[in-house]
Amino acid sequence: MRQAIVGLLAHVDAGKTTLAEGLLLHAGAIRSAGRVDHGDTHLDTDRIERSRGITIFSSQAPLEHDGARLTLLDTPGHVDFCAETERTLAVLDCAVLVVGANDGVTGHTSTLWNLLERHGVPTVVFVNKMDLPGMDGQAVLSQLHDRLSDTCLDCSDRGEPGLHEAAAATDETALDEYLESGSLSDDTLRRLVLERKVTPALFGSALRDEGIDGLLDFLAWLAPDRAYPQEFAARVYKVTHEKGERVTWLKVTGGSLRAKDQLAGVGADGPWAEKANQVRVYAGARFELVGEAVAGQVCAITGLSHVVPGDVLGAEPPQARPVLAPVLSYRVEPGPLDEHAVFSALRELADEDPMLGVAWDEDLDEMRLMLMGAVQLEVVRERLAERLGAQVAFGQGSILYKETIAEPVMGYGHFEPLRHYAEAHLLLEPLPAGAGVEFGTVCPTDDLDLNWQRLILTNAMERPHKGALIGAPITDVRITLVSGRAHPKHTEGGDFRQATYRAIRQALMVARKQGNAVLLEPWYRFELEVPGDKVGRALADLTRMCARFSAPQAHGELMVIEGTVPASELGDYALDVAAYTGGEGRLSTVFAGYEHCHNAEQVIEATAYNPEADLPNTPDSVFCAHGAGYTVKWHEAEGHMHVQDDPARRRPYRPADAPFFSKG
């Protein structure tokens with residue numbers, strides 16, 4: 001039987017969950033469709049989802065139609081939970097991007113489109129809410145062309161000659177077929193859609209039950225008859241905790257997975273091997289136990305304690321790095337609750353959502369929570385209350401800055417108190433924006449045994465490293481081990497940890513002194529819609545916020561301005577827009593990544609961070625003379641090193657080098 005995992009994606013209030021209910025009803029998977037406003041939808045099963053009327057967690061439901069087995073994966077629509085959506089994309093065979101005819105292509109719609117394109121997911125656009133007065137399908141289709149792709153074609157009638165002519169123009173082989181026969185075969189048209197050369201657009205109203213059958217027929221027609229590898233492989237896209245049990249959600253991409261199978265992998269703590277106790281197939285909140293899940297299926301298993309969303313199992317190759325990242329930081333205030341219980345509960349939530357960062361700031365002796373936005377914070381607050389039985393308070397949010405470097409720099413670390421010895425030379429070099437932190441080695445094994453090299457890189461990867469400007473985490477940096485030395489008698493594992501930390505920190509201090517340390521801040525891509533007579537106010541506000549934007553464009557009766565703006569300047573500007581436009585204006589934003597801080601000098605001055613006073617992150621080295629250790633300041637450390645520095649080794653890691661370790 002042909003099968004496909006179909007994702008449902010949309011901006012908030014596009015009607016995605018209502019569409020999912022309609023698809024399940026028409027396929028006979030449910031007896032009656034639920035309503036978002038009634039809080040009884042089949043896929044929004046969490047109490048918080050039903051109370052807020054939004055999708056927060058991805059959920060699945062199987063259905064069969066016209067000889068095809070489809071599994072719907074409903075994804076969150078709110079921008080704060082876009083990371084959950086992005087993780088789901090890795091397991092999709094195709095997607096339905098729902099666009100509200102009344103809103104058209106919003107900024108969040110464009111972000112979802114870009115994510116689908118990045119992951120190569122074949123996409124069908126369903127233009128919803130066509131029942132509203134004044135809705136014009138051709139106008140929406142024109143907007144899809146302008147703002148998404150000119151591959152968007154009206155596929156309401158697959159036999160329509162104009163569709164075949166337009167589709168043939170996207171592919172040379174298809175064009176030859178069209179010129180010879182005057183039309184395209186079903187197989188050719190299906191291939192063009194699956195190869196993303198054609199993006200079908202369908203129209204209807206989920207609430208009025210219009211266009212549902214057409215979409216369902218199209219998805220069943222599109223479902224590929226795919227052959228999967230025989231060797232077991234799987235992708236993990238979600239982790240949840242249910243009644244004290246850790247549940248791992250995955251798609252089997254090769255072979256099969258049976259209950260009690262032994263699985264293995266490499267996690268943050270090293271290699272692991274565990275048994276898959278149960279294999280479950282979910283439909284909303286309900287599940288049934290199955291003996292086996294075959295390639296092409298999504299399922300959930302119990303018994304795994306080490307995997308996190310984004311991990312791969314078996315022969316599955318590593319996945320692309322997520323684009324999204326948390327941008328806000330909050331202080332956690334446990335109050336009368338036990339702080340260890342609060343920290344444990346937060347770690348459990350972070351286990352389910354890698355975009356939720358939890359850390360203990362040793363310098364300030366406090367918990368910090370990193371996330372995407374205010375709505376996500378409210379959801380975390382409610383989920384903590386459910387698990388702990390009491391409310392947890394949070395301090396005022398602050399921008400989560402990061403640091404990087406502009407030019408390559410060498411770092412030297414030496415740790416030699418009495419009867420200890422380790423030395424490490426590390427090259428730090430900048431990487432493209434969004435690359436994270438990578439680790440590698442070009443150190444000859446004649447200089448340093450491979451086991452010591454692995455230990456150095458493991459030490460480098462085991463914690464985030466603070467920059468020297470404001471103490472923010474570093475990113476977009478590759479750290480390469482160039483050279484080092486161990487002592488045959490006195491070197492212990494902890495010695496290289498100290499040498500490694502000091503070498504990285506020393507390099508960052510040198511970069512700061514040379515003016516090559518760079519402060520980064522999160523930026524948002526925005527779309528601002530205002531009436532024509534309010535454009536002047538909008539442009540003045542954007543200029544004040546140091547935004548970068550294009551000239552306003554007329555979209556109907558509104559003017560639309562697009563651009564990027566620092567997250568620190570945005571604040572509650574959406575409320576201001578609603579106020580000065582009398583409710584006619586709208587601001588939509590999506591995370592655009594980290595860029596150079598627009599007011600770096602002011603932030604550095606306000607933070608007043610003294611890197612040399614940050615003793616847990618000292619850049620200084622320790623040497624030994626006459627049976628006693630002594631400290632050498634960071635700016636003098638290079639001249640005291642025992643290993644002679646060879647400039648020829650100051651080269652970045654290349655794929656031909658081995659071994660290599662990498663971490664996002």
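Guide: Ground rule to begin with: two strands pair if DSSP finds at least two bridges between them. Strands are DSSP runs of E with at least two residues, helices are runs of H or I with at least four, and both are numbered from the N terminus. This is a predicted model, where local features need pLDDT of at least 70, side-chain atom pairs count only at pLDDT 80 or more, and totals for chains, interfaces and linings use all residues. Residues are numbered from 1 along each chain as its sequence is written, and side-chain values use heavy atoms, with hydrogens and water left out.

Visitor: How do you know that strand β30 pairs with β31?

Guide: β30 (residues 553-555) and β31 are joined by 3 bridges and run antiparallel. The cut-off is at least two, so they pair. Gln 553, for instance, sits opposite Val 560 in β31. The two strands make a hairpin with 2 residues between them, and Gly 556 in the turn has a positive phi of about 65°.

Visitor: What else is joined to β31?

Guide: Strand β29 (residues 548-549) has 2 antiparallel bridges to β31, with Phe 549 facing Gly 563. Strand β28 (residues 517-531) runs antiparallel to β31 (residues 558-566) too, over 9 bridges, and there Glu 527 is opposite Glu 562.

Visitor: Why is strand β8 called largely enclosed?

Guide: Buried means under 20% relative accessible area, exposed over 50%, and partly exposed in between (1.4 Å probe, protein chains only). In β8 (residues 233-242), 7 of the 10 residues are buried, so the rest of the structure largely encloses this strand. β8 pairs with β9 (residues 245-254) in the antiparallel sense over 9 bridges, Val 239 having Thr 248 as its bridge partner. There are also 3 antiparallel bridges from β8 to β17 (residues 312-314), where Ala 233 partners Gly 314.

Visitor: What makes Gln 138 exposed?

Guide: Its relative accessible area is 52%, and the label calls for over 50%. Gln 138 lies in helix α5 (residues 137-147).

Visitor: And why is Asp 217 called partly exposed?

Guide: Asp 217 comes in at 37% relative accessibility, so partly exposed is the label. This residue is in helix α9 (residues 212-222).

Visitor: Which residues form the negative surface patch?

Guide: Asp 66, Asp 209, Glu 210, Asp 213 and Asp 217. A patch takes residues with over 30% relative accessible area and no salt bridge, joining like charges within 9 Å and nonpolar side chains (Val, Leu, Ile, Met, Phe, Trp, Tyr) within 5 Å. A salt bridge is a side-chain nitrogen of Lys or Arg within 4 Å of a carboxyl oxygen of Asp or Glu.

Definitions and conventions. Accessible areas come from the Shrake-Rupley method with a 1.4 Å probe; for residues, only the protein chains shown count as cover. Lys and Arg count as positive and Asp and Glu as negative; His and the chain ends are not counted. The place of a charge is taken as NZ of Lys, CZ of Arg, CG of Asp or CD of Glu.
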